[in-house]
Amino acid sequence: MKAIEVTDLTRDYKDVRAVDHISFDVAPGEIFGFLGPNGAGKTTTMKMLTGQLRPSAGSAKVAGWDIILDRDQLKPRIGVVFEHQNIYERLSGYDNLLFSTRLYGVDKERIHQVLDQVGLEDASNKLVSKYSNGMKQRLLIARALLHKPEVIFLDEPTKGLDPGVARAIRKIITELSRKGVTIFLTTHYMEEADQLSNRVAIIDRGKIIALSTPGQLKVQTGGEGSTLEDVFIKLTGKDLYR
Amino acid sequence: MTKSKLHDTLRIILAITLKDLIDAIKNKNIITIIITSLFVVVVYKYLPGFLSEEGPPKLLVYDPGDSALLSDLFDSPAVDIYTYESEEDMKYYLTNGEEPELGLVIPKDFDQRPITSQPLQLQGYVLNIFKEDEVSQLMRYMEDEFEYILGHPVEISIEKIQIQPETYGITVMTSLGFAFVTIMTGMLIIPHMMIEEKQSKTIEALMVSPAGSSHIILAKAFTGLIYTMVMLIMAVFFNWILIQHQWLFLIGGFIGGLFAISIGILLGILMDTRQQLILWAWVGLIPLFIPMMLSLMDDLFPERIVKIFQWFPSTAMFRVFRTSMAGSTPLQFWAPQLAVLITSSVVLLLIDAWLVYRSTR
């Protein structure tokens, strides 16, 4: 069974087609990089795969469950780390996680395990408003891990973080993959995608324009000595940082 | 719904409610709403006392025999005297009092009564909402004054008068205060929390969790109801002696709260920013508060117009609160009003549910 199976997935916003008949599979335990310029359809795809948005056409299964028909079964099997740090700032890190254990019906003991996993045990009683960006990002990851999901969606997990914290978060992602958790990763950092992903898909104007391992993409598209960033710019014609 | 699904639903709603209750206490906007509402209740309670001029106690008299006592009382600077054509009139005006006042019936044959060694007996009336020590103090004062005028001891036996459901006076201001607390709490706290979830995007985290929009809305409604009831209980703390029928007060508060919350949820769904909310909440307060005020002005508007104002949901809530302070609770003063409130709440909650359903398509 595939961890993610996407078939002809499409989403229209009035007259605009944000996602245009995309299809791909992700194997269990795989880190799948989903890359694309701003407005390419990454977030819309992620919202559909996490059950936040209904597709206009096509279908998808995540952890074996249909994203439209089986939303109730799907939700406890996925974890999502959003691009924006959407945590309750007036609660402590522990209380944020305690709330999630109640939502998911998970034992409270799990809080200490995930806090330890992301290195936040010592700061768990501090209010989140006092956390640094890096700490908040770790807490978001801890929240996504709390209910032991089979698939984790990470949207720009290291954006705006200093190199040390970004490195620690990449380490957590690698460890999760080793434990068999499937990772669906969107990032603007091509080096990060290259380093972490088993395979990457590049989406532009709603269509997948490349899908392969980073190594193969570099060979096929960029030529000798090229980076994933070169491949990206060549395929999309867009500078990542513009 | 299976047993396990029901269990999950309750667990999720309880989880969000608990989180919201804790989060709201730490939210300075919500604290401001709470303090403002309680401030209004305290002002409604104590403002009449501050505004009333210092003067002698009021004496409301029905004197069918034109007694000499009444003429002497008119000359006395120690009492502020009002006379009425009938005992019923005197009792009606007594129920409008905002501070302890004595109602007195002077018997027709009072002047002809023989003087004996026993004190002269008079029948007095006071409103039942005042404290015992305030009433005793008033009685002693009046008995001393009558003894001074008549040159003979007087004993006033007291009968307590119950407030009627449509009585003016202290119950009007107090009920307005209760309605204000209920509407402000339900209508403002919930949308504040909902807008904050939208702006901080924590709503997105909730939507990928086992919680759905219906869980979130129900949890917000529960949080709102809990806050409304706590606020009402705090408001009652200042006015406990006025509430004659606690059961009616609590039912009115609960259903009135539900009505205010259903408007609050609507605002929370439609508004995206706090600025929008504040603007529209004030616009929304006008059709809620103006009919309450206008329903009291039966001397300014035709009866038919006043009747229409009386059936506005907010006025219905206000009237239930008023009735809970009355001595008797005839069905027509609270049952139709509760029916109006329940119907309005159900209609508004259905609109809320439809908007949520539409937004997830």
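**Exercise 1. Determine whether Asp8(B) is buried or exposed, or falls in between, and identify its salt-bridge partner.**

Step 1. Asp8(B) has a relative accessible area of 33%. Buried means under 20% relative accessible area, exposed over 50%, and partly exposed in between, with a 1.4 Å probe and protein chains only. Asp8(B) is therefore partly exposed.

Step 2. This is a predicted model, in which local features need pLDDT of at least 70 and side-chain atom pairs count only at pLDDT 80 or more, while totals for chains, interfaces and linings use all residues. Residues are numbered from 1 along each chain as its sequence is written, chains are lettered from A and ligands numbered from 1 in the order in which they are written, and side-chain values use heavy atoms, with hydrogens and water left out.

Step 3. The partner of Asp8(B) is Arg11(B), with 3.0 Å between the closest N and O atoms. A salt bridge requires a side-chain nitrogen of Lys or Arg within 4 Å of a carboxyl oxygen of Asp or Glu.

Step 4. Both residues belong to helix 1 (residues 3–25) of chain B, where a spacing of 3 residues separates them by about one helical turn. Helices (H or I, at least four residues) and strands (E, at least two) are DSSP runs, numbered from the N terminus. An α-helix has 3.6 residues a turn, so residues three or four places apart point the same way.

**Exercise 2. Describe the surroundings of Leu176(B).**

Step 1. Leu176(B) is part of helix 6 (residues 170–199) of chain B. Its relative accessible area is 5%, and Leu176(B) is buried.

Step 2. Leaving aside residues up to four places away in sequence, Leu176(B) touches Tyr44(B), Met292(B), Met293(B) and Phe318(B). Contact means heavy atoms within 4.5 Å.

Step 3. Ile158(B) lies 18 residues from Leu176(B) in sequence, and their C-alpha atoms are 30 Å apart in space.

**Exercise 3. Decide why chain B is described as more spread out than a compact globule.**

Step 1. Chain B contains 13 helices and 5 strands.

Step 2. Its radius of gyration is 26 Å, well over the 21 Å from the globule rule for 361 residues, so chain B is more spread out than a compact globule. The radius is taken over C-alpha atoms, and the rule is 2.2 Å times the number of residues to the power 0.38.

Step 3. Along the principal axes, the C-alpha atoms of chain B fill a box of roughly 90 × 40 × 40 Å.

Step 4. Of the 361 residues of chain B, 52% are buried.

**Exercise 4. Find how many residues of helix 1 of chain A are buried.**

Step 1. In helix 1 (residues 42–49) of chain A, 6 of the 8 residues are buried, so this helix is largely enclosed by the rest of the structure.

Step 2. The buried residues include Met46(A) and Leu49(A).
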